[in-house]
Amino acid sequence: MDPRTTTATERLTAETAAESAADSAADSAAETTGHLADQLLQLTKRLHRAQRRHLEPLGITPAQSRLLRTVAHSEEPPRMADLAQRLDVVPRAVTTLVDALEAHDLVRRIPDPASRRVIRIELTGTGGAMLHRLRLARRAAAEDLLAPLDTGQRESLTALLAALDAAAPPRQRC
């Protein structure tokens, strides 16, 4: 056999084997990523169900809770349009949430000092107290989910999630 042909054939075989190994590694990584995405979605669903269970006795829905947290973390009382944008919902949804929270004296509508046509939303004293109870309910729901993990595992998970969060584009946190 011609040594030049053997060398070319060997190179082709080696390249094919390398490509096959790279494809296999890529397939394995994609499969792992897909499995991880499924796990994260399932855990998120479990956490949401646990939160609903813990919020129900307080008479607050998760959406109302989120609006209260958003108002509480705003530097100044937000406008309804600001709330809709931060919550990524239509303005009508914010109106419905504010109506329900206002009926329970948790928030109030106040006029904007710079424009009579603008309405801002602020937390009431009762709303501040409810926010504290909501924090406790959210922590209890998280504890339900994280109960199987020891302190070291929780710290590792916290570090991993912080790394993912740091890589995300900036956004409003509530």
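Trainee: Is Arg154 buried, partly exposed or exposed?
Mentor: Good place to start, and keep in mind that this is a predicted model. Arg154 lies in helix α6, which covers residues 151-167. Its relative accessible area is 25%. Buried would need a value under 20% and exposed one over 50%, so Arg154 is partly exposed.

Trainee: Which residues is Arg154 in contact with, once its neighbours within four places in sequence are left aside?
Mentor: Contact here asks for heavy atoms within 4.5 Å. With those sequence neighbours set aside, the partners of Arg154 are Glu143, Leu146, Ala147 and Leu149.

Trainee: Let's turn to charges. How many salt bridges does the structure hold?
Mentor: Side chains of opposite charge can pair when their charged atoms come close. For a salt bridge, a side-chain nitrogen of Lys or Arg has to be within 4 Å of a carboxyl oxygen of Asp or Glu. The total for this structure is eight.

Trainee: How far apart are the closest N and O atoms of Glu102 and Arg109?
Mentor: These two form a salt bridge. Glu102 is partly exposed at 30% relative accessible area, and Arg109 is partly exposed at 28%. The closest N and O atoms of the pair are separated by 2.3 Å.

Trainee: Glu76 and Arg120 meet in a salt bridge as well. How many residues apart are they in the chain?
Mentor: Their N to O distance is 3.8 Å. Glu76 sits in the loop between α2 (62-72) and α3 (80-87), while Arg120 belongs to strand β2 (residues 115-123). The pair links distant parts of the chain, with a separation of 44 residues.

Trainee: Which residues are linked with Arg120 in a network of salt bridges?
Mentor: One partner is Glu76, at 3.8 Å from N to O. Arg120 also meets Asp112 in a salt bridge, at 2.6 Å from N to O. Arg120 and Asp112 are both buried, with Arg120 at a relative accessible area of 14%. The residues joined to Arg120 in the network are Glu76 and Asp112.

Trainee: And on the surface, which residues gather in a patch of positive charge?
Mentor: Lys45 is a handy member to check, and its place is in helix α1 (residues 3-55). A patch residue needs over 30% relative accessible area and no salt bridge. Lys45 is partly exposed at 47%, so its area clears that cut-off. The positive patch is made up of Lys45, Arg46, Arg49 and Arg52.

How values were computed: Residues are numbered from 1 along each chain as its sequence is written. This is a predicted model: local features need pLDDT of at least 70, side-chain atom pairs count only at pLDDT 80 or more; totals for chains, interfaces and linings use all residues. Side-chain values use heavy atoms; hydrogens and water are left out. Patches are made of residues with over 30% relative accessible area and no salt bridge: like charges are joined within 9 Å, nonpolar side chains (Val, Leu, Ile, Met, Phe, Trp, Tyr) within 5 Å. Accessible areas come from the Shrake-Rupley method with a 1.4 Å probe; for residues, only the protein chains shown count as cover. Lys and Arg count as positive and Asp and Glu as negative; His and the chain ends are not counted. The place of a charge is taken as NZ of Lys, CZ of Arg, CG of Asp or CD of Glu. Helices (H or I, at least four residues) and strands (E, at least two) are DSSP runs, numbered from the N terminus. Buried means under 20% relative accessible area, exposed over 50%, partly exposed in between (1.4 Å probe, protein chains only).
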